Each structure stands twice: as structure tokens, then as C-alpha cells.
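The following report considers side-chain contacts and open space in a single protein model, taking each kind of contact in turn.

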Amino acid sequence: MDFLIATHNMKKRAELERILTPLGIRVLTADMAGIELTDVEETGETFEENAYLKASSGSEESGMVCVADDSGLSVDFLDGAPGVYSARFAGEHGNDEKNIEKVLEIMKDVPKEKRTARFVSVVCCCFPDGRHFSVRGECEGLIAFEKHGSGGFGYDPIFLVGDKTFGELTAEEKDKISHRGNALRKFAEEIKEYI
């Protein structure tokens, strides 16, 4: 079964593909499916709203089952920021380095015990007939004092789980504990009700 994924982020697509392929789901980008999708403005105030906006638009435009993820970093010291603005926290969409620098600068004097944070991922699936569902996954951790590792993407090099950042984990290690991995395991159970 082919599912369209509403993302331009190939690293995110690879993560989704690793987890969905064993379910017999082939993950296609718009380019792979030979279609062009509108770049949806993420106007939602929650991860759930933004994931739905992207998945519903993709499904309507393509006539395919469409999956979209909205995810980000929620730092307790920052009252949940960057949250839904994670990709553009430093003002420029998708500039991981600037986003990381901004978080580290704001938190440079914050002690370890107050550096609690979580990654959040909401995966929404929309069907051409209007049915839809979404699942939420989280992963608790701490904000490191400096970057470690070059794996992953986004805030991975400063998100500590145990004694390693996400940037230091292999893809397989990350999938077992990550917010997206947790969301997609829930997705794998939920999708069985629909296909």
C-alpha cells in the first residue's frame, strides 16, 4: 500500500520509512508520486493542528492516503518553547545551527536540574474519504550544555537521553526511544483499524 508523506525533509522521510515499511506501507514523497503539493502554512497552535493541516491538504490534493508529522522540542525552562516554532525558532526556517545556538545561549546559565525537555511528535493520517486519525509520541530528556554528535537532525545534538544526545545515537537506537518512533509504534497499531 502506498502512502504519501507530506514533507520535504528527507531525514524525516527516512525515519518514517524505516518504521512503516515492515507494515507493508511504501512511503512516497510528492516527487516520487509525480505530484506537486501546496506548501501548507503551519498556522496551528498545536502539533496536532499542524499535522492535520499538512495531512489533510496532501490527501485532498493527491487523492492518496497522506501522512504528516509535526514535531518539535518543548523545553520546560522556556515554558514549552520552541514548541510548534521549533523549525524557525531563530527566525530562519530550517536553520538547525541557528536554532541550536539560540537555545544554548538562552540556557547557558541554567543548571542541569532545570534543563528538562521533551521531543514531541504528532503523526496524522488522512484518507481521501475524510477519515483521519493522529497519534502523539514523546521522549523525555535534558538540554545539554553543548553539542555532541553529528547524527540525526534538528535539535538532536543537544537533546540528552541518559548520557548520550540523539546526535550520538545510531538510527536504530534513536528509533527505539524517540518521540517519532513512539508515535509511529502507536500509528502502526492504529492503522490496522483502517487498512
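## Charges over rings

In this predicted model, Arg115 lies over the face of Phe145, at 3.9 Å from the ring centre, where a charge is taken to sit over a ring if NZ of Lys or CZ of Arg is within 6 Å of the ring centre and within 35 degrees of the ring normal. Lys102 provides another such contact, with its charged end over the ring of Phe89 and 4.4 Å from the centre of that ring.

## Basis of the values

Residues are numbered from 1 along each chain as its sequence is written. Local features need pLDDT of at least 70 and side-chain atom pairs count only at pLDDT 80 or more, whereas totals for chains, interfaces and linings use all residues, and side-chain values use heavy atoms, with hydrogens and water left out.

## Aromatic pairs

Six aromatic pairs are found in a search of the whole structure; rings of Phe, Tyr and Trp (its six-membered ring) pair if their centres lie within 6.5 Å, and planes under 30 degrees apart count as stacked, over 60 as edge-to-face and the rest as tilted. One of these is the tilted pair of Phe133 and Phe187, with 5.3 Å from centre to centre and 35° between the planes. Because Phe133 belongs to strand 5 (residues 132-143) and Phe187 to helix 6, this pair ties together parts that are 54 residues apart in sequence; helices (H or I, at least four residues) and strands (E, at least two) are DSSP runs, numbered from the N terminus.

Phe133 counts as buried at 6% relative accessibility, and Phe187 counts as buried at 0%, where buried means under 20% relative accessible area, exposed over 50%, and partly exposed in between (1.4 Å probe, protein chains only). Phe159 and Phe166 form an edge-to-face pair, at 5.1 Å centre to centre and 70° between the planes, and both of these residues are buried. Ring pairs also link Phe127, Phe133, Phe187 and Tyr194 into a cluster.

## Salt bridges

The count of salt bridges comes to 16, each being a side-chain nitrogen of Lys or Arg within 4 Å of a carboxyl oxygen of Asp or Glu. Asp175 and Arg18 form a salt bridge in which the closest N and O atoms are 2.6 Å apart. This pair links distant parts of the chain, with Asp175 in helix 5 (residues 171-177) and Arg18 in helix 1, 157 residues apart. Asp175 is buried at 9% relative accessible area, whereas Arg18 is partly exposed at 35%.

The side chains of Glu97 and Lys147 meet at 2.7 Å, N to O, and connect helix 4 with the loop between strand 5 and strand 6 (159-161) across 50 residues. Glu97 is partly exposed at 40% relative accessibility, and Lys147 is partly exposed at 37%.

## The largest pocket

The largest pocket has a volume of about 1,000 Å³. On a 1 Å grid over the protein atoms alone, a pocket is an open set of points where a 1.4 Å probe fits, with protein on both sides within 12 Å along at least five of seven lines, and lining residues have an atom within 4 Å of a point; the volume is the space filled by probe spheres set on the points, which are joined across faces, edges and corners.

The lining comprises 41 residues, of which Thr7, Asn9, Lys12, Glu42 and His93 lie nearest the centre of the pocket. Strand 3 gives the most to this lining, with four residues. The lining residues divide into 12 nonpolar, 15 polar and 14 charged, where Ala, Val, Leu, Ile, Met, Phe, Trp, Tyr, Cys and Pro count as nonpolar, Asp, Glu, Lys and Arg as charged, and the others, Gly among them, as polar.
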